[in-house]
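I opened the structure today and kept notes as I went. The entries follow in the order I looked things up.

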Amino acid sequence: MKTPVSDFLEEILSSCAHETSGALADYIPELANVDPDQLAVAVCTTNGSLYCAGDADNAFTIQSISKAFVYALALQEHGVDAVVKRVGVEPSGEPFNELSLEAGSGRPLNPMINAGALTCHALIGGLDCDPDERFEKVRQGLSAFADRELDVDEAVFESELADAYRNNAIANMLRSYGVIDGDPADVVRGYTRQCSLRVTTRDLARMAATLAYGGVQPATGERVVDTDVVRQVLSVMMTCGMYDAAGDWMTSCGFPAKSGVSGGIMGALSGQVGLATFSPRLDDHGNSVRGITLCRRLSRDMGLHIMDSP
Ligand code: GLN
């Protein structure tokens, strides 16, 4: 059905359709094979109305966007204080795959870089959880946010795992400092499966709307996580979600968001909307070039910047 909102979404898509700058992520070989011209936007309100335009039903792997949701699941399971003891909340100003820990505390700096995300993955189900069971909890948790059963893109999973030297190095570092327990290879495997969960732009907007609605999935009415968990997740997304471009993002878009190397961006404005964009070409920080353009337009035209005067 045509609505003023869907006309607006069509219009902002066509205004950036010509942009071809940026490059596909190729460190995961399978991601270099996707159609680079895919472009989509979706907006989901906290009452569950969803509007979208472009390739909003095309599937892609969730990648780092999963980090925000698995952080939420870890917080829900263990409580904010226990998780913060293990994973900090400071922006790193570093690329997502940096081998780094916070000086002094020895914790990963935040849950949005790989060191923190691997640690959050390892927290799901508790330290003794079987790795397959842990992944299943993650899959079910993310599916609850989306109101749809999500599955794994096995080709992307195998492709990333075969080449996961950097993430194995990070997981080994975490193990050697006692941040995670068990076999680091199991954690990398589970985290890589988590990143290989397949979503559409529509799914991401619904997942974002669950955050915007204080942890309740707008369509099902199911409480997925508590409000204090959402507050923590959105705060960390605001300061750390766009990696070493977080300051630029804050000033130009001004709503909490998380990006992934397959070209998705998911954002949420508390009490208002969840939104998502998809375009696979990335800038040097690993953020989608046209996704950022679209988010700037959404922020400006829908008044989503949290620092805007009323
Ligand atoms: N699976 C990817 C990795 O760990 C996710 C990175 C991202 O989306 N920025 O390298």
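Entry 1. The model is a predicted one.

I started with Leu50, which sits in strand β2. Leu50 has 17 other C-beta atoms within 10 Å, so I logged Leu50 as partly exposed. Next I asked which residues Leu50 touches beyond four places away in sequence. I found Ala42, Cys44, Arg202, Ala205 and Arg206. I also checked the C-alpha atoms of Leu50 and Arg206: they are 7.8 Å apart, although 156 residues separate the two along the chain.

Entry 2. I turned to the sheet. I traced five strands in the order β2-β1-β7-β6-β5, in an open sheet with antiparallel pairing. At the edges I found β2 (50-54) and β5 (257-259), each pairing on one side only. From one strand to the next I read an average twist of 10 degrees.

I then looked at one pair, β5 with β6 (residues 264-269), and found three bridges in the antiparallel sense. Ala257 has Gly267 in β6 as its bridge partner.

Entry 3. What packs on the sheet? I noted helix α1 (residues 4-16), which touches β1 (40-45) and β2. The direction of α1 makes about 30 degrees with that of β2. I also noted helix α9 (residues 201-212), lying across β1, β2, β6 and β7 (273-278). Against β7, α9 runs at about 150 degrees.

Entry 4. I moved to a helix pair, α2 (residues 65-78) and α10 (residues 227-240). Their axes are 9 Å apart, and they pack at an angle of about 145 degrees. I logged the crossing of α2 past α10 as right-handed. On the α2 side I listed Ala68, Tyr71, Ala72, Leu75 and Gln76; these meet Val229, Gln232, Val233, Val236 and Met237 in α10. Sorted by class, this contact has eight nonpolar residues, two polar and no charged.

Entry 5. Which residues of helix α6 (residues 154-161) are buried? I found Val156, Phe157, Ser159 and Glu160. They span an arc of only 170 degrees around the axis, so they lie on the same side of α6. I recalled the general rule here: an α-helix has 3.6 residues a turn, so residues three or four places apart point the same way. Last, I looked up what covers the buried residues of α6, and the cover includes β3 (60-61) and α8 (184-195).

Methods:
Residues are numbered from 1 along each chain as its sequence is written. This is a predicted model: local features need pLDDT of at least 70, side-chain atom pairs count only at pLDDT 80 or more; totals for chains, interfaces and linings use all residues. A residue is buried if 20 or more other C-beta atoms lie within 10 Å of its own, exposed if 12 or fewer, and partly exposed in between; C-beta atoms are placed from the backbone. Helices (H or I, at least four residues) and strands (E, at least two) are DSSP runs, numbered from the N terminus. The arc is that of the directions from the helix axis to the C-beta atoms. Two residues are in contact if their C-beta atoms, placed from the backbone, lie within 7 Å. Two strands pair if DSSP finds at least two bridges between them. Axes are lines fitted to C-alpha atoms, for helices over the stretch in contact, and angles run from 0 to 180 degrees between N-to-C directions. A crossing is left-handed if the near helix is turned anticlockwise from the far one by less than a right angle, and right-handed if clockwise. Ala, Val, Leu, Ile, Met, Phe, Trp, Tyr, Cys and Pro count as nonpolar, Asp, Glu, Lys and Arg as charged, and the others, Gly among them, as polar.
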